[in-house]
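Trainee: Could we go through this structure together? I would like to know what stands behind the terms.

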Protein chains: 4
Amino acid sequence: MPSYKLASREYCPRDTVIEIPGLLEPVFIGAGYCTIIAGPCAVENQADYLEIAKILKSIGIHILRAGLFKPRTSPYSFKGLGTEGLKIVEEARRTTGIAVLTEVMDVRDIEDLYPHIDIFQIGSRNMQNFTLLEELGKTNKPILLKRGLAATIEEWLLAAEYLLDRGNHKIILCERGIRTFEPYARNTVDIGAVPLIKHLSHLPILVDPSHATGRAEMVGPVAKAAVAAGADGILVEVHQHPEAALSDGRQSLTPEQFRELYEQINKLAELEQKILQ
Amino acid sequence: MPSYKLASREYCPRDTVIEIPGLLEPVFIGAGYCTIIAGPCAVENQADYLEIAKILKSIGIHILRAGLFKPRTSPYSFKGLGTEGLKIVEEARRTTGIAVLTEVMDVRDIEDLYPHIDIFQIGSRNMQNFTLLEELGKTNKPILLKRGLAATIEEWLLAAEYLLDRGNHKIILCERGIRTFEPYARNTVDIGAVPLIKHLSHLPILVDPSHATGRAEMVGPVAKAAVAAGADGILVEVHQHPEAALSDGRQSLTPEQFRELYEQINKLAELEQKILQ
Amino acid sequence: MPSYKLASREYCPRDTVIEIPGLLEPVFIGAGYCTIIAGPCAVENQADYLEIAKILKSIGIHILRAGLFKPRTSPYSFKGLGTEGLKIVEEARRTTGIAVLTEVMDVRDIEDLYPHIDIFQIGSRNMQNFTLLEELGKTNKPILLKRGLAATIEEWLLAAEYLLDRGNHKIILCERGIRTFEPYARNTVDIGAVPLIKHLSHLPILVDPSHATGRAEMVGPVAKAAVAAGADGILVEVHQHPEAALSDGRQSLTPEQFRELYEQINKLAELEQKILQ
Amino acid sequence: MPSYKLASREYCPRDTVIEIPGLLEPVFIGAGYCTIIAGPCAVENQADYLEIAKILKSIGIHILRAGLFKPRTSPYSFKGLGTEGLKIVEEARRTTGIAVLTEVMDVRDIEDLYPHIDIFQIGSRNMQNFTLLEELGKTNKPILLKRGLAATIEEWLLAAEYLLDRGNHKIILCERGIRTFEPYARNTVDIGAVPLIKHLSHLPILVDPSHATGRAEMVGPVAKAAVAAGADGILVEVHQHPEAALSDGRQSLTPEQFRELYEQINKLAELEQKILQ
């Protein structure tokens, strides 16, 4: 018997569908939908962020990545604009009506971020930051919970259980690659996690091919694989000038590359009889 | 600079397409085709094998799995019929005109098998059995080279290099899952290996979702993911009575399940503008 | 060139030796010393904790494990007494004069814990909890930094770099096993990390065979291996009644087993010309 | 219940001790002994091989590495002298009286090698080459069975079971590192495998720190760790001129470094009350 309850398929046989209220119209994540969340790795400055927000909105995107706090392996790397960037995000949100997703790392930031964002993200390094899980579990915002680099499916569902147990039922899982011996790509996408999660749980699952592979040329094929395997959508990095990005440029698609991928995902979603969001 | 040469994209910029002569008409594996190889894990007896051969032929399959030698972790498990099974395989081949794929483990069996089979398979445990690689490299039969459980992409391409270097250029790579910490499925399919191989090499690549996952319920989603990611086809286990199979029944599809998957793969192949084989 | 600076051997060619002030006399961790930290996984109640503290003190132990906050994979497991347990720890510390080590998971707990403990522990799940690293880096207490389950040596040293960069130079590394495919033990102790850390860094390194293996019968051999490989000491779980422990009883040594191991470690330390602490 | 029988501790509660007849006097591997097997990675030429044989003999070594067939990841690397090198090995054996260990990769070589060598080695890549296991199992020579790079303890014992089941009971296990995500050393020595094998099986276990780490500076500490953890000995690469070795020079000790390690191992063996061999 699995050690998670609220996250299990037995507890809730029907697929959970999460509604992101949004500013203009609701966006959905879960059964029947294929939802694409896109945007740059980090908010770098207002001009660029507003520009990419408008470009992505015009392509059809309803949820924008809004990286303010970047967990960085080295203390000497660019760590994001922090709460200073919130007004840039708010401006993009207000002018385009797009919903925003942002990672939170510190429980003391939740309150400041709360009114300005639509989905909280718990990053892979914090999947078992139980303090953070417990505090976010008390909010009523949707939460995207990335799988830890070395987390088993069961540990991941137990991390979701922390959130569900605190009362937040709007949990979206996100596979972002696991750590293996293979050195070529940054991590190894566990594509089998998609049908497994569908088998074991009622929660929606997205796949992030950008962080998982760390290589722009792999993003498209892995994104398509995710949707064909039954994922409820993808999370993709897009940047106007990947070569000049302050973080993770190597894995970002250009708007042109993304537009082409969007069309391909659309055809796959049709085949799966899902509504693209 | 990679240590492989003949296997590299630089050496041969155009995708390799391999022709399996077959008894009736040639079958192709490589660019422009999506090839499905199916069949039971092992040849168990003549009646069942002929029956499944006819069923698969009627679905549209041109290449049949013909497991005679089964590498088994325990010395006490069923190890296949060995060369005794060859006449069963020959009978299936003759009556249906279908081509057959069989694993060879012992260099001393190559000669006996040679006239009766269409594709040799090198299993994952033998990917670095250099004696076997060198002997099979001297033949002119197509070879399906499975990735080792813990082999990097580079080691895999170097194993292919052994075959190419001996003069056999009809090499088909097959991703079958790598060993990771995740205990739920048998292994973790490295879906990113598909675009990586396409980027680094000219050789065709198939994916085996049956051995990789060890669970029938994961086979369909992973097979579809493979084709969407750009694989040149899949290798699937099908058994009339999975629950009674002498090996690996847990991961076999029934003919009905397989027929449904075949239709879904067909639609994905159309989307990718590939001819189903 | 490695991305860490302050943690590197080049920056500080001499081994760092850390002094734990203690209540009675200082305890040392680093070159020339072999330091054993022992105690139960968690503080469970005052009577048992005081008893084990006295037993361990009598064996020769100077630093006691004082688990108050237990990171638990499941939200339904015993999570420790929290700050409620502080007075028990303080009592043990006061009556025995022993120094205590406690894990901190939440930045909001640092202040409360600060006056009552001698070494902060950052657990493996929090090795890249950068918020926690930055706050603890501002304190002047010694910090034991456990290696993350899937952290490379470089990422581990970069986590130490966060602490050093904030001004805290009393950093003790602790290898506690990494996640691999091997299912028998809980994790795989990377014994090679001991000479590697000695080669790359000036920081002391301990090994925790209890959490790493999860099996009492492996603790002794792995502890001895650690000391023979050059580790600066070990961290071991000891419980009067392992079978009744609220957490991790399966891996705890009894006081009798521990006393025997202590003697063996003492002989190894003599061979390495180190002072047992 | 484990799937191996003959290899289990239950089947044979007493530790197996293997006698290597040798030319002058028998050498033992197993309980009560600490056996060091040393020598260059490969036999390169007669002069150098005889010289190192004499040096190692003078230090106290009774079993010499005699690499004739080198499994190499790339088809373009030096693969050993093959059977051509046998007379060099025979000369070293005859003039020094030392016993020799050689890897066999091809079942067709067993007969040629048989009269000239004392221990057959099955390399890690061939741990599940069942054809080779079955043929070597029929001989009565001692066999050193290296653990596969991604083999679980159970799979390793099942490979030993193949040998035992064919009638050869002189099986020596050898841990040589497993493949993990850590990139610094070549592989990760699973030091916990030593007590685990002692717990589960009656077979002796050695550790090969040279191939496992691929770095000379790690060999000594890991070798000492192995003996402290209870291993029955070690397998070490020694070369007069590591920088000029045709294979694996990076991990070879010089005779001077080895002599120093030999002394340290001797002291550890004394502590464990074992006779150095």
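Mentor: Let's start with strand pairing: β3 (residues 33-39) of chain D and β11 (residues 275-276) of chain D run parallel over two bridges. This is a predicted model, where local features need pLDDT of at least 70, side-chain atom pairs count only at pLDDT 80 or more, and totals for chains, interfaces and linings use all residues. Residues are numbered from 1 along each chain as its sequence is written, with chains lettered from A and ligands numbered from 1 in the order in which they are written.

Trainee: What makes β3(D) and β11(D) a pair?

Mentor: Two strands (DSSP E runs of at least two residues) pair if DSSP finds at least two bridges between them. β3(D) and β11(D) have two bridges, so they pair. In one of them, D:Y33 is partnered by D:I275.

Trainee: Which residue of β10(D) is the bridge partner of D:I37?

Mentor: D:L235. β10 (residues 233-237) of chain D pairs with β3(D) in the parallel sense over five bridges. In β4(D), D:I37 stands opposite D:I63.

Trainee: Why is β3(D) called largely enclosed?

Mentor: Buried means 20 or more other C-beta atoms within 10 Å of the residue's own, with C-beta atoms placed from the backbone. Six of the seven residues of β3(D) are buried, so the rest of the structure largely encloses this strand.

Trainee: How many residues of chain A are in contact with chain B?

Mentor: Contact means C-beta atoms, placed from the backbone, within 7 Å. By that rule, 32 residues of chain A touch 32 residues of chain B. On the chain A side, α8(A) gives the most, with seven residues.

Conventions: Buried ≥ 20, exposed ≤ 12 C-beta atoms within 10 Å, placed from the backbone. Helix = DSSP H or I, 4+ residues; strand = E, 2+ residues; numbered from the N terminus. Contact = placed C-beta atoms within 7 Å.
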